[in-house]
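Then turn to the place where the chains meet.

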Amino acid sequence: MGEFKVHRVRFFDYMPSAISAMAFNVHTERLAVARADGTVEIYNFADNCFQEKVIPGKDGRTVEALCWAGQRLFSTGLNGEIVEYDLENLRSKYTVEAYGGPVWTISSNSQGTQLAVGCEDGTVKIFELVEDSIQFQSNFDRLKSRVLSLSWHPSGTQIAAGTMDMIRVFNVTTGHATQRMMVDRAAGANKKKEVAVWSVVFLSDNTVISGDSAGKVQVWDSQMGTLIRTHLVTKWDVMALAVSRDESSLLAGTSEGSVVQFQFISARLDQPDKEWQRTRTLRSHSHDVRALVHTDTAAVSGGNDAHLVVRPFMEKVVKGSKESAPCKITFPHRSLVSCGKKAGILLFQFPERLEVWRLGESNENGEELSVTKKPEALIHLKRKGDDHICCSTLSPCGGWLAYASASSVRLFQLQYDNDSIALTKVEMGPLHVLLWFVFFVPHYLPSPSPPPPEVSKQAVHLMSTSDDGQWLATANSDCEVHVYNLKKLKYHCTVPVYGSCPSAMAIHPTGSNVVMVHADQKIFEYSLEQKEYTEWSRSLAKKGLHGSWLNRVAPVTHVSFSASNPDYIILHDMNMFCIIDKSLPLPEKDSDLVGAETQLISNSSVFPSVFKNLLCVGLMEDHSLVVVERPLLDIATRLPAPVRQKKFAT
Amino acid sequence: MVAHADTRVVHRGGSKINFRAPVITQDSRFLICVSGECIKVFSTSTEECIHHLQGHKELVTGLVLNPSNHLQVFSCSEDGTIRLWDFTDGILIRTYNVRRRILSMHVSAKGDVFLVMPVKRNKKEKFGLVSLNLPPSVEQHVMVKGHTIVFQSVSTDPKCIAFGQGGEYVASVKDNVLHVYFLNKKTFYRFALGTSGEMAARNAFTCVACHPKDDCIATGHGDGKIRLWRNFNQEKEYTFSTVHWHHSGVNALCFTPEGTNLLSGGLESVLVQWRYGQEGQKDFLPRLGSSIKEIVVSPDGSLFCTSHTDNKITVIKNCTKVSAVIQGLVHGDGVKTALMVDPRTKALVLNGKPGHLQFYSLQRDQQLYNLDIVQQEYINQSNLDQFEVVKAALDSRGSWLATVEQRSAKEVEISLKLWAFDEHTQSFVLNTTISAPHDGPISEICFSPSSQNSTTLVSVSLDGHFKAWQLTQPDPSDDEEASWSCDFVGDYHSLEPKCCCFSADGSLLAVSFKEVVTVWSPASWDLLTTLSQPPGAIQDLCFGRLSCSKYLLGATDKNLCCWNLLTCSLEWSTALDVSLLLADPLSENVAAFCGAEKTTDLFVFRPSEPRPHFSQQALCTGRVTRAVFAPRDEPLDGCEESSQWLNRSQLYFLTHNMELLTFLTKPEEERLMALSKQPTIDDSVAMTPFYLLLGKHRKRQEEERDILSSQSGVRNLLPQGSVAIKELLHTPSHVLPSTSILCSMFVSSLLVSVSDSRDEEQPTEVEMESEKEEEDSEEEGASVPPRPEHESSDTGAKLGPVLTKAEHRELRGVKKLDYSWIRGLVTSNPVVNTTKQMVKTPKQRVKTPKPMAKTPKPMVKTPKPMVKTTKPMVETTNP
């Protein structure tokens with residue numbers, strides 16, 4: 001395998017943004033996650049929770065609530081607008097002003113025909129969904145305080161609205177309130193503080209369940225307007241509630257970072273009278289849990305600590321299967337780092353800026369090398385406009401730099417003169433909107449190329465060129481991989497469509513083979529010249545991959561090759577990187593794989609214990625390895641302090 | 001060897017009352033708990049033991065109330081029997097013979113009986129839960145045949161099995177698995193918790209409890225969590241919630257009868273009360289003394305009962321208040337001190353709670369008191385080096401106590417403390433603390449048995465020295481008390497001393513240094529002689545007593561040697577691995593405990609005689625290193641030769657698993673059985689010594705009072721004077737007679753009220769006497785039967801009270817007369833006087849000299865001259 005000089009890069013201070021809202025579409029199994037900076041991410045739960053799409057945020061837009069109405073995704077924020085997203089082009093389609101001040105919540109009825117929004121001024125507004133737009137329909141009786149939470153009865157005739165100190169039940173047809181349920185304030189010193197009903201859930205048996213800022217989860221009878229049961233869950237706030245589809249299980253997310261499960265079970269076995277009993281407590285967050293989703297098999301939670309946590313329920317999944325593994329998504333499933341292989345410089349992408357760094361140097365040999373020349377930041381490039389940067393790249397020679405946002409693509413030329421650096425903007429002709437990702441070919445820029453006949457309209461999320469600039473491969477979220485010949489500027493072929501989305505892809509520098517790793521951890525190698533899978537890929541598919549490789553949770557985000565040995569493939573995901581040697585025979589499927597350096601696929605080396613929380617692993621021209629790490633502890637220390645919790649023996 | 005059918009080894013006194021959970025009776029008045037081979041019934045209000053239920057031949061392993069009759073209790077034992085008792089009368093009703101070792105017993109709410117007993121399976125012995133049908137019978141002894149196995153492998157601890165929902169299902173936990181078996185449906189569910197690696201130990205189940213009404217099973221775990229299981233009739237959809245307060249394993253769980261609360265306890269010695277349904281709210285009852293082992297709730301929920309690891313049962317009233325503590329002999333991790341008998345209280349003295357010495361009365365099977373030796377807070381946490389009492393010694397009169405405490409943190413810290421018995425407080429008071437008395441650990445201390453005031457304490461340490469300590473009287477000018485100081489430091493060729501022993505008269509001290517025994521004179525501290533019998537270092541030393549006092553016995557790890565001190569030569573020796581040598585202070589007998597392979601043999605012999613009096617092989621498993629001869633209160637009448645050695649004192653010994661065993665002879669056993677069958681006085685008050693003392697007295701008083709009232713007719717014994725005063729004050733002043741008339745009456749009424757209580761003592765006798773006297777005097781004149789003089793003086797002292805009798809009668813009459821009482825009083829006085837005068841006159845003649853002396857009294861007590869006069873008469877008769 002050989003030895004590498006490794007640059008352990010820890011100066012990329014990437015901060016994921018807090019999760020503020022989530023919505024799950026049961027029919028398509030897509031989870032929409034909104035972050036505090038306005039970014040909306042779409043995860044495909046049918047495909048190993050792969051982050052399929054990212055809609056970049058925009059300055060001045062916050063997302064307070066998300067909701068699916070059929071296939072359409074809506075969000076609202078404190079700027080008072082309702083936004084519908086264009087999920088094909090990954091941008092907002094249109095915005096509608098709600099005229100009620102900041103909008104706290106949005107909810108659609110189960111039929112997907114109407115939207116209800118709750119506003120700061122105490123109104124609940126109903127919008128009707130029409131083709132390509134929404135239309136204001138009616139206002140409900142105005143309440144005295146802001147509407148923080150809304151929930152439709154499954155029949156669509158009633159709405160429960162949580163406000164300060166109170167829950168109201170409205171009749172949708174008349175717009176009048178039918179019930180008024182007062183929520184108790186916290187005891188003691190907080191008696192004077194109003195109670196915010198952060199979340200309500202309306203069940204089909206006319207039960208309303210509320211979670212409030214006094215830490216209570218309360219069960220109400222909405223027909224009589226009476227309180228049935230109070231569960232004191234926390235000393236702090238209950239921020240989110242989520243109920244399962246069969247209404248037998250309820251999750252409550254608290255400011256302490258714990259998620260409490262309630263189940264609708266009978267006290268006596270074999271008897272029909274059931275009640276909500278508190279059962280499990282899941283502790284997977286350090287900060288407030290702001291958003292919760294109850295899927296059929298798992299609890300999905302997100303909050304201020306920016307982790308998206310999927311915790312499967314053991315009784316709903318087969319033990320030992322892939323669904324039974326808990327999964328914590330912190331980093332995006334795409335690369336935020338590009339390496340200038342030849343120049344030894346790195347490009348880091350932030351939503352609002354780009355940073356170019358030169359790697360440090362060392363002349364020593366041994367286990368741990370001291371840095372003789374410190375890494376230095378070359379360029380801080382701030383973006384223009386309100387739209388966040390969605391992708392960026394650096395040419396291998398380090399001479400060109402480009403980034404794109406929702407509205408524009410910008411290209412810069414870098415010139416190094418010993419210590420001084422010159423950055424000049426290069427004007428570009430109009431680009432095809434399809435090409436979201438810009439990758440640099442050594443010799444010339446990609447220009448619009450004719451698409452193949454029956455290409456899908458989904459946006460491309462991966463792009464790769466060969467080192468000689470002959471081939472360009474693109475992948476979109478419909479799992480298609482198209483290959484273009486850049487020299488001839490024409491469509492070359494399409495790789496046979498596989499059921500899982502490619503998470504990483506690269507073209508071999510010499511063999512003109514494209515290697516794809518999919519979200520379900522399968523690896524394929526496709527020969528562009530023969531237009532068929534290579535021998536190695538076929539034998540791999542025949543033999544099958546090892547279970548412990550397939551059961552990994554994090555998708556592979558980067559594929560690269562070794563210039564010295566064409567048989568090496570370097571892969572990495574968030575937790576490990578591995579080097580596959582194609583020349584070695586494949587291991588037996590059932591053999592035991594233990595230890596730090598295990599053989600996973602072919603004779604590959606995995607380094608899970610040494611490097612953690614990886615954002616990028618790249619091989620430089622001088623045969624040194626660049627490992628960009630972002631320790632989770634560094635992220636945690638930069639978060640605001642969590643609510644104080646009593647720890648045992650402190 | 002001699003067969004000893006008439007003596008057997010028994011648990012008697014100091015047995016574990018916390019071995020199994022106690023049972024509270026339906027009416028919460030009694031607490032029944034196991035205690036070795038017998039069962040004890042305590043009163044929950046007075047903490048007193050009311051009955052000993054004796055009958056089992058081996059350890060009692062389970063107790064349950066008879067579900068069909070709440071005045072009966074079932075017990076099971078390792079001897080293979082189930083016995084049914086009437087605990088109010090202490091009567092054995094029936095014996096069911098199962099003929100297999102029974103380890104615990106359960107009764108479901110339906111009345112089915114379940115036992116845990118060994119079950120053979122695949123040639124391995126496992127413990128199974130077995131359902132048993134007790135046949136209805138009227139006979140005393142019933143053989144029980146046939147049983148069905150419910151569970152194949154269960155824990156022997158009864159905490160790990162619980163019945164729910166009126167016996168619908170049974171939950172059993174073992175290691176990391178919870179099993180639920182529905183008895184009617186015959187369905188079986190198994191729930192396992194993380195069984196691998198480190199998780200396994202943390203998740204291990206420790207106890208289980210079932211909710212009385214809901215289908216909820218509570219389980220305690222090794223890491224202090226409590227899980228509440230619901231929906232457990234499904235293999236996959238089961239669910240549980242977790243609550244966590246305890247920092248170490250949960251030892252006990254119990255639901256209250258209504259199911260509103262869940263009680264839990266563990267090492268923290270805090271009783272935690274969780275609200276069922278709102279587990280966030282909890283109440284604590286802290287500082288219960290030591291870690292909780294079991295929790296029991298009375299059927300009406302008013303009493304909680306926790307049993308603790310230090311052999312204590314605490315009764316808690318109304319969830320908040322400790323109302324009674326029943327303390328047994330504390331079985332610590334190890335008894336480091338020797339067993340001793342306190343000469344004053346005849347109590348056994350040994351290590352008790354950490355840092356304490358306990359005084360335990362074996363006769364009454366009750367702890368007398370705890371003496372805090374270390375006087376430091378004990379921290380309930382493992383891996384902490386804390387001071388421990390390692391040695392203790394009492395002098396022969398019980399007026400001095402010496403203790404050695406030791407902590408072996410990094411370097412050994414030792415301090416020697418001397419305690420004087422304080423007659424006033426009836427306990428030991430610290431007199432002298434000697435820190436670092438030796439450089440090394442102290443291996444033995446002993447007091448010289450000399451009966452003089454000058455007591456000597458000898459301490460022997462591994463640092464190569466032995467030291468003698470003496471009480472030095474301070475200067476009379478100082479106010480300081482006498483304190484102890486070092487008198488002599490001795491060594492012998494810088495060898496390590498091991499043990500020391502004084503001869504019975506205190507004239508010789510033997511100290512063993514490795515193979516050599518040195519004999520010293522404590523008077524001059526001269527080395528008198530050395531004795532040696534290699535090979536092997538001396539492990540134990542002991543002088544013979546009484547007629548054998550010329551012998552010195554020494555035990556090496558291979559030999560037992562006996563030296564004659566007159567000839568300074570070896571008298572005899574024998575190959576024995578003696579672990580403990582013990583001389584009976586009241587006879588010539590010496591007991592030697594010999595460690596065989598795994599068991600211990602006992603030989604009792606006289607040093608002068610070649611044959612042992614008594615020997616018993618395989619006494620118990622493990623080595624015996626602590627034993628004591630406890631002198632009996634009254635010697636037994638020796639009958640059998642083999643048990644004669646037990647006549648003067650009783651031998652108690654501790655096995656390696658801290659069980660206190662003793663020997664019981666047949667006649668003694670019969671006597672005890674007879675005692676236990678005595679009908680006892682029951683009812684609301686338990687039979688306590690205090691009750692016996694006070695209750696009898698009160699009863700006698702009541703009887704006396706009855707007699708009194710029946711004779712005199714006075715019911716109300718309240719001072720009549722107060723009535724008079726009341727009437728006096730309530731009467732309108734214009735109808736009252738003049739104050740001069742009233743004054744004397746008023747004063748006398750006051751006198752009456754003061755002396756009233758005294759005259760209760762013997763009023764009847766006095767009255768009868770006086771009457772008799774009157775008759776006598778009339779008939780026989782001066783020839784009155786002679787009486788002891790002191791009695792007459794007694795009555796003379798009681799003049800006042802006697803006088804009140806007349807007053808009483810008058811007042812009684814007065815009460816009926818309403819306002820006319822004044823007149824009655826005024827006029828009646830002369831009347832009474834006159835009637836008496838007639839009787840009096842003859843006597844007046846006889847005793848002319850006396851009235852002179854007594855004149856002051858009549859003046860004060862004008863209305864009562866007549867009785868007074870009778871008294872002088874008595875005096876005069878005698879001369």
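This is a predicted model: local features need pLDDT of at least 70, side-chain atom pairs count only at pLDDT 80 or more; totals for chains, interfaces and linings use all residues.

Residues are numbered from 1 along each chain as its sequence is written, chains are lettered from A and ligands numbered from 1 in the order in which they are written, and side-chain values use heavy atoms, with hydrogens and water left out.

Chain A has three helices and 51 strands. Both kinds of element are DSSP runs numbered from the N terminus: helices are H or I with at least four residues, strands are E with at least two. The C-alpha trace spans about 75 × 55 × 50 Å along its principal axes. The radius of gyration of chain A is 26 Å, which agrees with the value near 26 Å for a compact globule of 650 residues. That radius is taken over C-alpha atoms, and the globule rule is 2.2 Å times the number of residues to the power 0.38. Of the 650 residues, 57% count as buried. Buried means under 20% relative accessible area, exposed means over 50%, and partly exposed lies in between (1.4 Å probe, protein chains only).

E52(A) sits in strand 5, residues 50–55. Is E52(A) buried or exposed? E52(A) is buried, because its relative accessible area is 4%. Its side chain makes a polar contact with the side chain of R30(A), at 2.8 Å. A polar contact is a pair of N or O atoms within 3.5 Å; within protein, one must be able to donate a hydrogen and the other to accept it, and residues adjacent in sequence count only if both atoms are side-chain atoms. Leaving aside neighbours within four places in sequence, E52(A) is in contact with several residues, among them R30(A), R334(A), H461(A) and S477(A).

N109(A) lies in a loop, between strand 10 (103–108) and strand 11 (114–119). N109(A) counts as buried, because its relative accessibility is 5%. A polar atom of its side chain lies 3.0 Å from the backbone nitrogen of T113(A). Not counting residues up to four places away in sequence, N109(A) touches Q114(A) and W152(A). T330(A) is 221 residues from N109(A) along the chain, and their C-alpha atoms are separated by 31 Å.

Next comes chain B. It holds twelve helices and 57 strands. Buried residues make up 51% of its 879 residues. Of the contacts in chain B between residues at least 6 apart in sequence, 45% join residues at least 24 apart.

Finally, look at the interface. Chain B puts 19 residues into the contact and chain A puts in 17. Together they bury about 1600 Å², 45% of it on carbon and sulfur atoms. Buried area is the accessible area (1.4 Å probe) that two parts lose on being put together, summed over both. D215(B), R230(B) and K236(B) supply 29% of the area that chain B buries against chain A, more than any other three residues. The rule finds seven residue pairs in polar contact across the interface, both at pLDDT 80 or more. Strand 22 of chain B (residues 239–244) gives four residues, the largest share of the side of chain B that touches chain A.

Technical notes:
Contact means heavy atoms within 4.5 Å.
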